[in-house]
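Take a moment with the sequence and the structure, then read on.

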Amino acid sequence: MEYTTLGDTGMTVSRLCLGTMSFGSGRTWTLDEEQSDEIIQRALDLGINFFDTANVYSQGESEEILGSSLAGHNRDRLVVSTKVYHPMDPENPNSSGLSRKTIQQELSNSLERLGMDTVDIYHAHSLDPETSVETTMRAFNEVIERGMARYLGASSVWAWEFSEALRVADTLGLEPFSVMQNHYNLAYREEERDVLPLCDKHDVGVIPYSPLARGYLTRPDDATAATTRGADEAVEYDHTYHEGGGRTINERVEELAEEKGVSMAQISLSWVLHQDWVDAPIIGVSSVEHLEDAVEALDVSLSGSELEYLEEPYEPSEIAGHDWPADITGHR
Ligand SMILES: NC(=O)c1ccc[n+]([C@@H]2O[C@H](COP(=O)([O-])OP(=O)(O)OC[C@H]3O[C@@H](n4cnc5c(N)ncnc54)[C@H](OP(=O)(O)O)[C@@H]3O)[C@@H](O)[C@H]2O)c1
C-alpha cells in the first residue's frame with residue numbers, strides 16, 4: 001500500500017479510502033454484514049487504513065458494520081470518517097441539517113454505532129442553507145474541542161460556500177474544514193473549475209467519491225446495467241456520465257485497458273490517482289476482487305499522452321452531487 005499525508009492535517013492515510021455506502025441493507029445492491037466484513041478485513045490485510053461512512057448509509061447500519069469489523073483492530077492505526085446532514089428520522093426534523101443540536105446528537109449517535117470515542121474526520125455531507133455558517137462552524141468546533149472528532153471535512157459544496165466557511169472559521173479562530181470529499185472522476189470533472197483549485201490553494205485534503213463513476217467506467221457503455229447496482233443506478237440517479245464525451249471516454253478506457261492488459265477499473269482509478277490534487281479516492285466495491293483490483297491500480301502508470309488521450313473527449317456537464325433533494329435518504 002502507498003500512503004500520503006492528507007492535505008495539511010499531518011495525518012497519514014492510505015492512498016485508497018474504502019467507502020462503505022454499499023454496506024448494510026435496503027437496496028438491491030447493499031451487502032450484508034458478512035459480505036461487508038470480508039471486504040473490510042481484506043482491506044486491512046492490504047494495508048488500507050482509511051474508511052469512509054456516513055450516518056445516513058443504510059440509516060446507521062453501515063456505521064454499525066464498520067464499527068464491529070474494526071473492533072478487534074488497533075484503533076490508533078485507523079482513520080475513520082463519517083458524515084452528518086441527511087435525515088436519520090423522518091419524524092424528527094432535527095435529525096437533519098447542521099444545527100448545533102443536529103451536529104451534537106448525530107455525532108453522539110454515530111460514535112455509539114461505531115463503538116468509538118472519536119472519529120478522525122467529521123464531514124458536513126452538504127452545507128445547510130437553513131443554518132448560518134457561523135453557527136455550523138461553532139458547533140463543529142465544539143465537537144472538536146470535546147474530543148469527539150479530530151478534523152472537519154465538507155462534501156460536494158459550491159466553491160463560494162466552501163470559501164465562506166473557511167473565511168468564517170479563520171476570522172473566528174475556529175477549526176476549519178481541512179478535507180474535501182467531492183464528486184470527481186474521468187467522466188465528471190466539473191470540480192476542476194473552482195473547488196479543486198480552492199482546495200489546492202488552502203492545502204485542503206482531497207478525497208473524491210465515485211472515482212469509477214459509480215461503475216460506469218468499469219465496463220463498456222452498453223453493459224452499464226449489467227450488474228445489480230448498474231441496473232439500479234441507471235434508473236434512479238439518471239446519471240449523465242455517458243453524455244457529452246462520456247461514451248468516447250468509456251471506449252478509450254476500454255481500449256487502453258486492453259492495450260495494457262489491465263482492467264477498465266484500473267485505468268479509470270489510475271487516472272484519478274494521477275491527478276495532483278487528489279490525496280486518496282474513496283472507492284466503492286461490491287466484492288473482494290474489486291478491492292484487489294483497486295490496490296493493483298496503484299501500480300498502473302499512465303504516460304502524459306495516455307492521460308491526454310483519456311481526457312480529450314470530455315465536455316462540460318451539468319453539476320451532479322450538489323444540492324440533492326432534502327428528503328433523500330440512504331445512499332449518496
Ligand atoms: N459524499 C457523498 O455525497 C458521497 C456520494 C457517493 C459516494 N460517497 C462515498 O464514496 C464511496 C464510493 O462511491 P461509489 O460506490 O459511487 O464509487 P465508485 O468507486 O465510483 O463505484 C463503485 C462501483 O464500481 C464498480 N466497481 C468497483 N471496482 C470494480 C472493479 N474492479 N471492476 C469492476 N467494477 C468495479 C462496482 O459496481 P457494480 O457493483 O455495479 O459492479 C462498484 O459498486 C461510497 O462508498 C461512499 O463512502 C460519498
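The notes below go through the ligand site, a loop residue and the nonpolar cores. Please keep in mind that this is a predicted model.

**Ligand site**
- The ligand is surrounded by 29 residues, and the closest are Asp52, Ser155, Ser210, Thr227 and Ser286.
- Ser210 places a polar side-chain atom 2.7 Å from an oxygen atom of the ligand.
- Backbone atoms take part as well: a polar one of Met21 is 3.0 Å from a ligand oxygen, and a backbone N or O atom of Gly284 lies 3.1 Å from an oxygen atom of the ligand.
- On its own the ligand has 910 Å² of accessible area, and the protein covers 94% of this.

**A loop residue, Thr53**
- You will find Thr53 in the loop that links strand S4 (50-52) and helix H2 (61-70).
- Thr53 counts as buried because its relative accessibility is 0%.
- Beyond its neighbours within four places in sequence, Thr53 is in contact with Thr20, Ser62, Glu63, Leu66, Ser81, Thr82, Lys83 and Leu114.

**Nonpolar cores**
- The largest nonpolar core has 87 residues, of which Leu18, Phe51, Tyr122, Phe140, Phe162 and Phe177 touch the most other members.
- Helix H9 (residues 264-273) makes the biggest contribution to this core, giving seven residues.
- Not counting residues up to four places away in sequence, Phe140 touches Val84, Leu98, Ile103, Tyr122, Ala124, Leu152 and Phe177.
- There is also a second, separate core of 13 residues, among them Val13, Tyr151, Val179 and Tyr209.

Definitions and conventions
Residues are numbered from 1 along each chain as its sequence is written. This is a predicted model: local features need pLDDT of at least 70, side-chain atom pairs count only at pLDDT 80 or more; totals for chains, interfaces and linings use all residues. Side-chain values use heavy atoms; hydrogens and water are left out. A nonpolar core is a set of buried Ala, Val, Leu, Ile, Met, Phe, Trp, Tyr and Cys residues joined through side-chain atoms within 4.5 Å. Buried means under 20% relative accessible area, exposed over 50%, partly exposed in between (1.4 Å probe, protein chains only). Helices (H or I, at least four residues) and strands (E, at least two) are DSSP runs, numbered from the N terminus. Contact means heavy atoms within 4.5 Å. A residue is near a molecule or strand if one of its heavy atoms lies within 4 Å of it. A polar contact is a pair of N or O atoms within 3.5 Å; within protein, one must be able to donate a hydrogen and the other to accept it, and residues adjacent in sequence count only if both atoms are side-chain atoms. Accessible areas come from the Shrake-Rupley method with a 1.4 Å probe; for residues, only the protein chains shown count as cover.
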